[in-house]
Amino acid sequence: MLATGPKFVKAGLAQIDDENRRERLDAVLLGAYGRFWRYTGATLGRAVLAGLFTYVVVRVADLPAPVILAVWVGAWSIVPAVGVVIGAMAVALIAVPESSSQAGWLLALFVGYQVFDALVLEKRVDRTTLHVGSFATFVAAALGLEAYGLGGLIVATLLAFFAAAVVRELGTG
């Protein structure tokens, strides 16, 4: 449905008789659709970057399971402002048996990355697409996960992104 969004919207809008209302809804929904995809793509790019950063750090620190930890931190990085640090807790916990000081340094390194992500990457994404806060992302993901598992998490998060895009388009129009 998301891939055929414009056709789906056009078919639905054809059911509305009022020309002015149809044109306004068309502008809002198609604008939100484009903004949604740009935000989703940029957010996935940030997640890949966080995952690559994690992979390199875990390999350099000689910890086990670098791929799994990279995917974990990358997935958490979708939650703005705090996701990288939450995901990095697993890296720090795995490092504790090796050395508690190493775990502390790793956590500090990830906090530094989170600051870079929040102040540089997220700001750029928010400025060029839309802003979806940590709370909305986390609540949507948690509700989707609880209701329908991993698939529900993904769909609920995407729906939250699209809803934010619609609200943004309504505010700019």
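**Salt bridges, core and pocket in a predicted model**

Q: In this predicted model, what makes the contact between the side chains of Glu122 and Arg46 a salt bridge?
A: The N to O distance between the side chains of Glu122 and Arg46 is 3.3 Å. A salt bridge requires a side-chain nitrogen of Lys or Arg within 4 Å of a carboxyl oxygen of Asp or Glu, so the pair qualifies. Glu122 lies in helix 5 and Arg46 in helix 2, and the pair therefore ties together parts 76 residues apart in sequence. Glu122 and Arg46 are both buried.

Q: What links Arg46, Asp117 and Glu122?
A: A network of salt bridges links these three residues. Asp117 also meets Arg46, at 3.0 Å, N to O.

Q: Why is Glu19 called partly exposed?
A: Its relative accessible area is 40%. Buried means under 20% and exposed over 50%, with partly exposed in between, so Glu19 falls in the intermediate class. The side chain of Glu19 forms a salt bridge with Arg22 (2.3 Å, N to O); the two are 3 residues apart in helix 2, about one helical turn.

Q: Which residues does Val91 touch, not counting residues up to four places away in sequence?
A: Val91 touches Thr54, Val58, Leu63, Leu69, Val73, Leu106 and Phe110. In the largest nonpolar core, of 17 residues, Leu63, Val84, Val91, Leu106 and Phe110 touch the most other members.

Q: What makes up the lining of the largest pocket, by class?
A: The lining has 16 nonpolar, 4 polar and no charged residues. Helix 6 gives the most, with 11 residues. The space in this pocket is about 530 Å³.

Technical notes
Residues numbered from 1 in each chain as written. Predicted model: local features only at pLDDT ≥ 70, side-chain atom pairs only at ≥ 80, totals over all residues. Heavy atoms only, no water. 1 Å grid on protein atoms, 1.4 Å probe; cavity = no way out; pocket = protein on both sides within 12 Å on 5 of 7 lines; lining within 4 Å. Points joined across faces, edges and corners; volume = space filled by probe spheres on them. Helix = DSSP H or I, 4+ residues; strand = E, 2+ residues; numbered from the N terminus. Nonpolar A, V, L, I, M, F, W, Y, C, P; charged D, E, K, R; others polar. Core = buried A, V, L, I, M, F, W, Y, C linked by side-chain atoms within 4.5 Å. Buried < 20%, exposed > 50% of the residue type's maximum accessible area, 1.4 Å probe, protein only. Contact = heavy atoms within 4.5 Å.
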